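Hi everyone, thanks for coming. I'd like to walk you through one model this morning, so let me put it up on the screen.

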2 protein chains.
Amino acid sequence: MSSIGGYLKRNKKRHLGELAELLSIPSVSTDPAHAADVVRAAQWMQARLQRAGCSTAEIHRTKRHPIVYGEWVGAANRPTILVYGHYDVQPVDPLELWRTPPFEPTVRRGKIFARGASDDKGQVITHINALEAHLQGGGCPLNVKFLIEGEEEIGSPNLEAFIKRNRKKLACDAVVVSDTAMLAPDTPSICYGLRGLTYAEINVRGTARDLHSGTFGGTVANPANTLSRMLATLKDARGRIAVAGFYEKVRPIARAERRRIASLPHSDREFARSFGAPRLDGESGYSTLERIWCRPSLDVNGIWGGFSGEGAKTVIPAEAGAKVSMRLVPDQSDAEIFRKIKRHLTQVAPPSVQVSVRSLHGGDPWLTAPDHPVMAAGGRALKRAFGREALLVREGGSIPVVSTFDRLLKVPALLLGFGLHDDNLHAPNEKMELSNFYRGIETSAYLMEELAADGTAEPPRRRSGPAKPAARRARRGRVYSGK
Amino acid sequence: MSSIGGYLKRNKKRHLGELAELLSIPSVSTDPAHAADVVRAAQWMQARLQRAGCSTAEIHRTKRHPIVYGEWVGAANRPTILVYGHYDVQPVDPLELWRTPPFEPTVRRGKIFARGASDDKGQVITHINALEAHLQGGGCPLNVKFLIEGEEEIGSPNLEAFIKRNRKKLACDAVVVSDTAMLAPDTPSICYGLRGLTYAEINVRGTARDLHSGTFGGTVANPANTLSRMLATLKDARGRIAVAGFYEKVRPIARAERRRIASLPHSDREFARSFGAPRLDGESGYSTLERIWCRPSLDVNGIWGGFSGEGAKTVIPAEAGAKVSMRLVPDQSDAEIFRKIKRHLTQVAPPSVQVSVRSLHGGDPWLTAPDHPVMAAGGRALKRAFGREALLVREGGSIPVVSTFDRLLKVPALLLGFGLHDDNLHAPNEKMELSNFYRGIETSAYLMEELAADGTAEPPRRRSGPAKPAARRARRGRVYSGK
């Protein structure tokens with residue numbers, strides 16, 4: 001234990017140098033111009049896994065960007081964890097808002113600034129460094145597999161098929177994901193729930209061409225007016241989503257969980273101030289953290305139609321459109337909610353327009369038992385690295401692959417986030433606190449020890465594992481009596 | 001009369017050549033790159049006025065594009081008309097949809113295709129040709145002044161000041177404007193009413209920056225959702241504008257006018273088919289022509305916010321905006337309606353967003369007495385040129401300068417349109433029917449005779465003239481008992 005700590009201390013400089021090396025590869029997965037850079041990042045990952053001591057380090061082609069797989073399985077009869085992460089990054093625009101170039105990693109006041117610093121390069125390699133540390137010290141107490149994809153930022157289109165084809169290769173006792181944030185600085189957190197997502201695009205067409213608003217105004221349905229009316233029907237005055245049956249499957253928040261959430265450090269005032277809102281606004285009857293973690297939401301993510309340039313153009317647009325997404329909570333499902341919103345929008349549309357609603361993207365919510373032994377091991381590892389008790393949190397965002405693992409591998413997932421909410425993910429000046437990067441490596445190393453010692457995580461078994469009963473318990477709403 | 005007819009017949013080819021010459025100058029007023037072309041078009045106009053026989057032909061600088069003024073005032077003790085028009089044109093994009101280049105005038109099947117063919121180059125020069133025809137024949141029966149601006153397509157920002165400064169120079173008995181359309185092909189029309197306009201831009205700001213819809217969804221007012229709700233409150237389910245006091249000053253349509261409008265040739269089915277609408281939609285209780293001509297309307301001309309690219313971006317936009325315009329009818333005024341909509345939008349906005357509403361553009365409605373002697377003279381001129389009785393029509397569009405003339409010069413305006421509704425104004429493949437161009441020249445020449453013979457249009461007088469009493473009568477709603 002202390003030997004691991006000493007080793008990690010001595011290797012800080014090298015770990016930072018390696019992180020900077022990876023961050024300087026512009027592996028923007030959505031941009032075809034960066035396809036070769038994405039491959040370069042995959043090759044970097046493969047080489048790093050080999051150097052760390054993995055006996056296998058492979059690059060698997062997909063229809064678009066490769067998946068990197070690596071493993072060290074030298075701990076016979078010990079449990080196995082599967083670390084999931086991604087080496088691709090978001091685009092960088094608006095480039096002019098970056099203080100230093102996004103692919104020239106720069107350290108300022110204890111933070112490393114670069115695209116991908118927190119999401120997810122700086123998080124996923126903590127686990128590689130941790131495995132290496134154990135192997136350098138004589139051996140790792142459990143088996144470690146790595147599944148690192150290059151398409152997370154474009155919705156992981158080829159990951160599910162890969163997991164289905166490679167169930168045996170990926171067999172494990174727990175999945176470990178570091179792609180989330182801590183509740184606050186110096187506040188180690190374990191995430192036991194994620195919201196799901198239904199993302200739809202709506203198009204409203206009025207006429208075959210744009211019309212002059214003087215010559216035609218008052219005689220035709222204006223698609224932009226009509227779209228606004230349709231969108232306005234999606235929520236009522238109390239902030240509730242007014243789509244029939246929308247809340248049907250929403251699990252109420254258990255009293256114990258409400259109490260625990262209420263006890264967490266959070267200030268509405270500071271929260272609102274951090275992004276400059278005049279005031280918060282949401283579904284009545286719920287606290288801010290409950291709204292983000294345990295209640296569904298609905299947002300217009302984009303809206304367009306007609307003329308948006310300087311000055312005045314007197315046009316009735318031929319069409320208008322919007323992107324609308326909903327965050328889902330258990331036991332809502334993407335497929336069911338998409339059906340409901342599509343039916344709603346079709347019903348409220350007047351016959352003077354043509355409406356299309358299509359699904360762009362989606363994923364089911366995920367919730368696990370916060371008192372599962374794997375969580376407890378994670379909590380002990382965090383406490384050793386951060387010197388503080390870990391908090392149990394949920395997240396409002398979605399990592400669809402987590403529920404995919406749940407469904408296909410049937411093992412629990414442990415979400416250990418080393419990011420912060422001000423890391424500027426998907427925005428200019430993304431950064432990672434170096435202290436969290438180093439403590440992340442420590443946490444991962446300790447986690448391997450804790451899980452191995454724990455005895456609750458058993459050697460790989462097919463089609464069972466502790467996840468299923470935990471999920472069932474969660475559905476009965478009793479697990480929140482824990483921490 | 002027949003001598004004028006013969007002369008015009010002999011000069012058709014020259015008139016067409018001159019029109020093509022003018023149409024080949026890309027005088028796009030909104031585009032700074034075309035500023036020199038706008039000047040070139042003004043110089044062309046000046047030279048053409050001189051060649052036609054004007055004793056004065058001047059170019060007046062403004063802050064942006066010049067105003068051309070010309071006059072022939074050799075008919076002592078005879079009435080004077082002021083012809084208003086514009087030599088600037090709309091931009092041409094989308095350029096790829098033009099069958100032939102917009103500034104290479106091309107004749108196909110009796111139509112000349114070019115930007116400005118109908119709006120307004122091909123209409124304004126009909127009057128220059130008509131004056132020339134009279135002068136070539138020995139003299140014009142009345143005095144003719146020309147006011148041809150280069151900023152109509154950008155809202156005539158310098159015209160009102162010019163008129164105010166040059167009231168004496170512009171003194172006349174009637175203003176003649178050819179910048180409108182006939183109700184249908186071969187249907188000569190006189191327009192006695194235009195709608196006004198209030199054009200506003202609304203901006204809704206929620207937060208200082210875009211937010212991730214997972215991490216924040218459900219806790220803040222989304223500006224795009226909020227804007228949609230706000231816009232939805234502007235109209236009720238029956239298509240009426242739901243802004244307090246909006247209809248307060250709207251003059252009801254007199255029974256006689258409703259009868260006359262109902263007698264006009266119009267088919268809802270063909271109208272809807274012409275622009276591919278599944279069905280018409282508007283304020284209940286009014287016919288289509290009444291909705292366009294006599295009732296106010298409200299349209300979202302543009303709406304924007306958040307992400308509108310391909311795919312899914314899970315963002316809560318920091319702000320959203322819309323352009324909203326209203327067409328006004330007597331006795332609404334731009335200033336009053338802007339105040340009311342601004343108040344309405346401010347009142348319906350929740351305190352969790354910041355809203356700004358600003359006026360971009362506007363103009364008051366205009367309505368004159370359709371039984372005024374000047375209209376009657378116009379009707380006789382049209383009948384001689386087209387061989388058919390002229391119809392009395394209104395237009396749904398706005399030509400703010402017409403009410404400016406009414407207010408500043410206090411003389412009646414005669415709107416003689418030679419365009420058609422399918423002329424593609426402000427759109428690709430703008431065209432003018434050559435038959436209407438030639439009949440327009442004839443009409444103008446006959447109009448000069450009819451007005452001179454009529455005796456009702458008196459020599460220039462300051463601060464009076466027939467417009468005022470007509471307007472007053474119109475306000476009592478009795479004038480519609482005419483034709």
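Predicted model: local features only at pLDDT ≥ 70, side-chain atom pairs only at ≥ 80, totals over all residues.

Let's begin with how the two chains are related. Chain A superposes on chain B by a rotation of 180° with 0.1 Å of shift along the axis, and the RMSD is 0.1 Å. That is the relation of a two-fold axis. Both copies use the same surface, since 100% of the contact residues of chain A recur in chain B.

How many residues of chain A are in contact with chain B? There are 70 of them, and they meet 70 residues of chain B. Several elements of chain A each supply at least two residues to that side, including α6 (213-216), α7 (223-232), α10 (288-293), β11 (297-306) and β13 (319-328). The element that gives the most is β11(A), with 9 residues. By class, the side of chain A that touches chain B has 25 nonpolar, 32 polar and 13 charged residues.

Now stay with β11 for a moment. β11(A) pairs with β11 of chain B in the antiparallel sense, over 5 bridges.

On the chain B side, β9 (residues 196-205) and β14(B) run antiparallel and are joined by 9 bridges. Within that pair, Leu197(B) has Gly363(B) as its bridge partner.

Next, the helix α7. Is α7(A) mostly covered or mostly open? It is mostly covered, with 10 of its 10 residues buried. Among them are Asn225(A), Arg229(A) and Met230(A). What do the buried residues of α7(A) pack against? In chain A, they pack against β9 (196-205), β11, β13 and α11 (334-348), and in chain B against α7 and β11.

Let's move on to the domains. Chain A is assigned domain 1 (2-194 + 366-476) and domain 2 (196-250 + 296-362). Their C-alpha centres lie 37 Å apart. As for contacts between them, 4 residues of domain 1 touch 5 residues of domain 2. The domain 1 side of that contact has 1 nonpolar, 3 polar and no charged residues.

You'll find Glu153(B) in the loop between β6 (143-149) and α5 (159-165) of chain B. Why does Glu153(B) count as buried? Because 21 other C-beta atoms lie within 10 Å, and the cut-off for buried is 20 or more. Leaving aside neighbours within four places in sequence, Glu153(B) is in contact with Ser29(B), Thr30(B), Asp88(B), Val89(B) and Gln90(B). Glu153(B) and Val28(B) are 125 residues apart in sequence, yet their C-alpha atoms are 8.4 Å apart in space.

That's my tour, and I'm happy to go back to any part of it.

Terms used:
Residues numbered from 1 in each chain as written. Chains lettered and ligands numbered in written order. Least-squares fit on C-alpha atoms with pLDDT ≥ 70 in both. Contact = placed C-beta atoms within 7 Å. Helix = DSSP H or I, 4+ residues; strand = E, 2+ residues; numbered from the N terminus. Nonpolar A, V, L, I, M, F, W, Y, C, P; charged D, E, K, R; others polar. Pairing = 2+ DSSP bridges. Domains from an automatic or database assignment. Buried ≥ 20, exposed ≤ 12 C-beta atoms within 10 Å, placed from the backbone.
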